[in-house]
Amino acid sequence: MDHRAGGGAKTATPETSLADTARRIKAIFVGSAGNLVEWFDFYAYSAFALYFAKSFFPSESPTAQLLNAAAIFAVGFLMRPFGGWMFGHIADRHGRRLSLTISVLMMCFGSLIIAMTPTYATIGLAAPVVLLLARLIQGLSLGGEYGTSATYLSEVAHPDHRGFYSSFQYVTLIGGQLLAMLVLLSLQLFLLTPEQLDAWGWRIPFFIGAGLAVVIYFMRRDMHESEAFVAARAAGVRESPLKGLLRHPREVAIVVGLTLGGTVAFYTYTTYMQKFLVNSVGLPKETSTIIAAATLFLYMCLQPLVGALSDVVGRRPVLLSFGVLGVLLTVPILTALQNTDSAWTAFFLIMAALLIVSGYTAINAVVKAELFPTSVRAMGVGFPYAVTVALFGGTAEYVALYLKEIGYEHAFYWYVTGCIAISLAVYALMRDTRDASAMDRHV
């Protein structure tokens, strides 16, 4: 049994190895399940925006309504750096478990607010203001969830399989988005009429998300702490995580650079794509939802495969593959997608794009975790990542809709390409964190 995550070496027996594996899998399941629920709550907003936008933002233009909804989606991302800082501090000073428990409770609260907020017709301008407040709470929660869960999953995984096990963060992240899509699809096709969805059906997923968050709270309350954090605490490490982070400016810059292109590409082909298929390609809402759900499912299944590949060939070659293919193929894929009228062609184009993006999403969490020592790991993973996602990932949908509104939609394709090109430069210059990992260091 390998104890490089913390503690001294011990002689392994088949029984202890089996018990260790079971313990790791249980910890990864609990951490991942909470991540899925948090992202379901967060993405339900985007998935159902086509239905509730008119309830909060009266306008004659559907694009303008979606633009307003996307603006609040983006504003929610602005809280993520605060969440990354606050929950990173809690995780590095008081434990990963406490941080993850608090974050899921906050997400529950935000979802309940959205589920129960009256419409513009009932309370006027107060409706979008309350909606904004709920998204700020959710953004704060999610900002803490990413860094802490990425840290926890990387720390509890076996050192030889960190790429594989940490990839389940994006399995559950995508799974949360997919679950939101499936709830929407079920309501669209089997349970409610379009009129019912417009009137009140869009509230259902937020009630579901709040209930699931309560279940995850009780699961996380009993999860065990990572050995790395326990070892760091036993060694007397008590430095302020933010102060400690200032001693790692190169690693912080790498997190920002490697995240930039990946986050823009990810939100382009996932969160924004459903609206793109309706608003730009011209496909029906139901068809667009089916395509988005099918591609997300296959994309989710790709993550462990790419993560396992990085355990064999290294992290850097996988990142470089994403960077090179993303720079070369983003404009052709999005241009072909805009010009197609075939649902099957749209499906294959989006799937090709998501296969490329998997080179980033499957391993970005473990790469960031491997950059930092235990005492600042959650802060180092979460805070610079959250800042970058807030500035670029959370605004990707808004930028795309704005450029479409003013007649320059094609410029967005080059914007995505430029962001990936910046990340490619970082991948080319950085070390391979699989072979030069800081996971064994506490300070």
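What you're looking at is a predicted model, and here's a quick tour of it.

**The overall picture**
- The protein has 22 helices and zero strands.
- Of its 443 residues, 60% are buried.
- Take the contacts with a separation of 6 or more: 87% of them link residues 24 or more positions apart.

**How H14 meets H20**
- Helix H14 covers residues 249-269 and helix H20 covers residues 377-393; their axes sit 8 Å apart, at an angle of about 45°.
- On the H14 side, the contact residues include Val 252, Val 256, Leu 260 and Tyr 267.
- H20 brings residues including Gly 380, Pro 384, Thr 388 and Phe 392.
- Sorted by class, this contact has eleven nonpolar residues, five polar ones and no charged ones.

**The nonpolar cores**
- The largest nonpolar core holds 81 residues, and Phe 266 and Leu 277 touch the most other members.
- Helix H18 (residues 343-361) is the top contributor to this core, with ten residues.
- Setting aside neighbours within four places in sequence, Leu 277 is in contact with several residues, among them Leu 283, Ile 291, Leu 337 and Ile 350.
- There's also a second, separate core of 33 residues, which includes Phe 52, Ile 137, Ala 180 and Leu 192.

Notes:
Residues are numbered from 1 along each chain as its sequence is written. This is a predicted model: local features need pLDDT of at least 70, side-chain atom pairs count only at pLDDT 80 or more; totals for chains, interfaces and linings use all residues. Side-chain values use heavy atoms; hydrogens and water are left out. Axes are lines fitted to C-alpha atoms, for helices over the stretch in contact, and angles run from 0 to 180 degrees between N-to-C directions. Helices (H or I, at least four residues) and strands (E, at least two) are DSSP runs, numbered from the N terminus. Contact means heavy atoms within 4.5 Å. Ala, Val, Leu, Ile, Met, Phe, Trp, Tyr, Cys and Pro count as nonpolar, Asp, Glu, Lys and Arg as charged, and the others, Gly among them, as polar. A nonpolar core is a set of buried Ala, Val, Leu, Ile, Met, Phe, Trp, Tyr and Cys residues joined through side-chain atoms within 4.5 Å. Buried means under 20% relative accessible area, exposed over 50%, partly exposed in between (1.4 Å probe, protein chains only).
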